[in-house]
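This report describes selected side-chain features of one protein model. Please view the sequence and structure below before reading on.

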Amino acid sequence: MTSTPQPSSLDPELAARLKRSTDGLVPAIAQQYDTGEVLMLGWMDDEALHRTLTTGRCTYWSRSRQEYWVKGDTSGHFQWVKSVALDCDADTVLVKVDQVGAACHTGARTCFDADVLLKDADSGVAASDQ
């Protein structure tokens, strides 16, 4: 992203609430709406969020290509938006979607199943420490 904000049609009240990174982006977590499965993390600026809210399709900002991309336009693996929420700090967006096909660019259903660091194990934290 450039240091100059991109023109956007995002509601100014919503835009004022967002806490963005230094490059003007907020992380957007895509989650399968009916199972809760976490699918991927993308980045949105104000315009990408506006497009996501108004089109019913997830739009992200590609940091590597420096352009907008709509999930599914080239892959056919669409994300149909069911709901969008901000976290309590207004610095992360949660987009609940109906994912069609793979969410990950590798062709996997989710970006979070290839390198599992801990699975179904005791966390090592005693109940008294919780």
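## Salt bridges and a buried glutamine

Arg-65 counts as partly exposed, because its relative accessibility is 46%; the class covers values between buried, under 20% relative accessible area, and exposed, over 50% (1.4 Å probe, protein chains only). The model is predicted: local features need pLDDT of at least 70, side-chain atom pairs count only at pLDDT 80 or more, and totals for chains, interfaces and linings use all residues. Residues are numbered from 1 along each chain as its sequence is written, and side-chain values use heavy atoms, with hydrogens and water left out.

The whole structure holds 5 salt bridges, a salt bridge being a side-chain nitrogen of Lys or Arg within 4 Å of a carboxyl oxygen of Asp or Glu. Among them are the following pairs.

| Pair | N to O distance |
|---|---|
| Arg-65 and Glu-67 | 3.1 Å |
| Arg-57 and Asp-73 | 2.7 Å |
| Arg-109 and Glu-37 | 3.1 Å |

Arg-109 and Glu-37 form a salt bridge. Arg-109 lies in the segment after E6 and Glu-37 in the loop between strand E1 (26–32) and E2, so this pair ties together parts 72 residues apart in sequence. Strands (E, at least two residues) are DSSP runs, numbered from the N terminus.

Gln-99 belongs to strand E6 (residues 93–99) and is buried, at 6% relative accessibility. Its side chain makes a polar contact with the side chain of Gln-79 (2.9 Å); such a contact is a pair of N or O atoms within 3.5 Å, and within protein one must be able to donate a hydrogen and the other to accept it, while residues adjacent in sequence count only if both atoms are side-chain atoms.

Conventions: Helices (H or I, at least four residues) and strands (E, at least two) are DSSP runs, numbered from the N terminus.
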